[in-house]
Amino acid sequence: MKNAFPILIAEDNPVSRKLMEKTLRQAGYEVVSAENGREAFTVFKERFFPIILTDWGMPEMDGLELCRAVRETPAEGYVFIFLITARDSKKDIIVGLEAGADDYLTKPFDRFELIARLKTALRVLALEKSLKDAYEKIKLLSITDKLTGCYNRAYLDEYLTKEITRAKRYSRPVSLVMADIDHFKRVNDTYGHQAGDLILKDFAATIRKGLRKDVDWVARYGGEEFLMVLPETTFESAMSSTERLRRFVSESVSSHNGTAIRITASFGVVGFVPSPHNLKTTHKAIIDCADKALYQAKNDGRNRVRGKRLQVE
Ligand SMILES: [Mg+2]
């Protein structure tokens, strides 16, 4: 069985290199080898290796330089580096570890020791991977609204600022849409809170379906309020796509324990076009504007889209 962690070897001595390759392959590792540090680094930049075994003294780029170069290169995971050397004075070992090596082996290496040390490296790499996975999971949970799967308020506050800053830097339009389910309290009062949750989920799914994948995004703003962010979108096109969405929502039916529930929603659109005159406009001011348009839609009888252009000529 192949080991999941491929190993990159950098060794200029052909005899020693072949011996290492053979030992590692027999132990089930996939091995790629290079004749010096520079060649190894070129290979590493093309493909990620979680384990590197490098000789110290090599022409062109030695083991220490290779360690430093790898440490300075952003990689998809941790790289465990063994420095293999004839030197074993304490001073040399410290120099090696300071250059970024995790462990060292002295020449001539003992194959059983090499395999045993590799197992230590694998434990470290497995731990690093499980920490990374856990971190990704927590990160996703921390930015997601549990019920609807939309982004949450914390994400919105952070990323909307970035989105607006980006729009200003490149003088690109950005539109925001505040959406609010009409008479949501009535759904809860009539059908119960489980039905209310279902309506929220269905509504979120409906508006997400209407957005451009990987470009637009939506966050749950409050109870039954959602904020859609449409980068690179003019006011006109935000208005027409929101109108389509409004109609789609009003035609959708949710089914709760065999009961069909229909809802409508009101939408407030704001189109922001950056110019030298409105660079100080904050994301809060833009949200405020969307909020006012939403209020207008509610006031005009609900189930409609109202909008405002935030543009200074
Ligand atoms: Mg050498």
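Which residues touch the most other members of the largest nonpolar core? The points below take up this question and then the rest of the fold.

1. Basis of the note. This is a predicted model, in which local features need pLDDT of at least 70 and side-chain atom pairs count only at pLDDT 80 or more, while totals for chains, interfaces and linings use all residues. Residues are numbered from 1 along each chain as its sequence is written.

2. The largest core. V177, L227, M228 and A290 touch the most other members of the largest nonpolar core, which holds 43 residues. A nonpolar core here is a set of buried Ala, Val, Leu, Ile, Met, Phe, Trp, Tyr and Cys residues joined through C-beta atoms within 7 Å. A residue is buried if 20 or more other C-beta atoms lie within 10 Å of its own, exposed if 12 or fewer, and partly exposed in between, with C-beta atoms placed from the backbone. L227 is in contact with L156, L176, M178, V218, A219, Y221 and I287, leaving aside its neighbours within four places in sequence; contact means that the C-beta atoms of two residues, placed from the backbone, lie within 7 Å. Another core lies apart from this one and has 32 residues, among them M20, L53, M58 and L66.

3. Domains and overall form. The protein chain is divided into domain 1 (7–140) and domain 2 (153–311), the bounds coming from an automatic or database domain assignment. The centres of the two domains, taken over C-alpha atoms, are separated by 51 Å. The radius of gyration of the protein chain is 29 Å, whereas a compact globule of 313 residues would have one near 20 Å; the value is taken over C-alpha atoms, and the globule rule is 2.2 Å times the number of residues to the power 0.38. Along its principal axes the C-alpha trace spans about 85 × 55 × 30 Å, and 33% of the 313 residues count as buried.

4. The parallel sheet. The protein chain has 10 helices and 12 strands, where helices (H or I, at least four residues) and strands (E, at least two) are DSSP runs numbered from the N terminus. Five of the strands form an open sheet in the order β2-β1-β3-β4-β5, with parallel pairing; two strands pair if DSSP finds at least two bridges between them. The edge strands are β2 (31–34) and β5 (103–106), each pairing on one side only. Within the sheet, β3 (residues 51–55) and β4 (residues 80–85) pair in the parallel sense over five bridges, and I51 stands opposite F80 in β4. Helix α2 (residues 37–46) lies across β1 (7–10), β2 and β3, running at about 160° to β1; axes are lines fitted to C-alpha atoms, for helices over the stretch in contact, and angles run from 0 to 180 degrees between N-to-C directions.

5. The mixed sheet. A second open sheet has five strands in the order β7-β8-β6-β11-β12, and its pairing is mixed. β7 (217–220) and β12 (305–311) stand at the edges with a single partner strand each, so one side of each is left without a neighbour in the sheet. Strand β6 (residues 174–181) and strand β11 (residues 265–273) run antiparallel and are joined by eight bridges, with M178 opposite G268 in β11. Helix α9 (residues 235–251) packs on the sheet and touches β6, β8 (225–231), β11 and β12, its direction making about 165° with that of β11.

6. The bridge partner of A219 in β8 is L227, one of the core residues named in point 2.

7. Backbone details worth checking. The peptide bond from K107 to P108 is cis, with omega near -5°, and P108 lies in the loop between β5 and α5 (111–143). H183, although not a glycine, has a positive phi of about 45°; this residue counts as partly exposed because 13 C-beta neighbours lie inside 10 Å. D214, also not a glycine, has a positive phi of about 65° and is exposed, with 6 other C-beta atoms within 10 Å.
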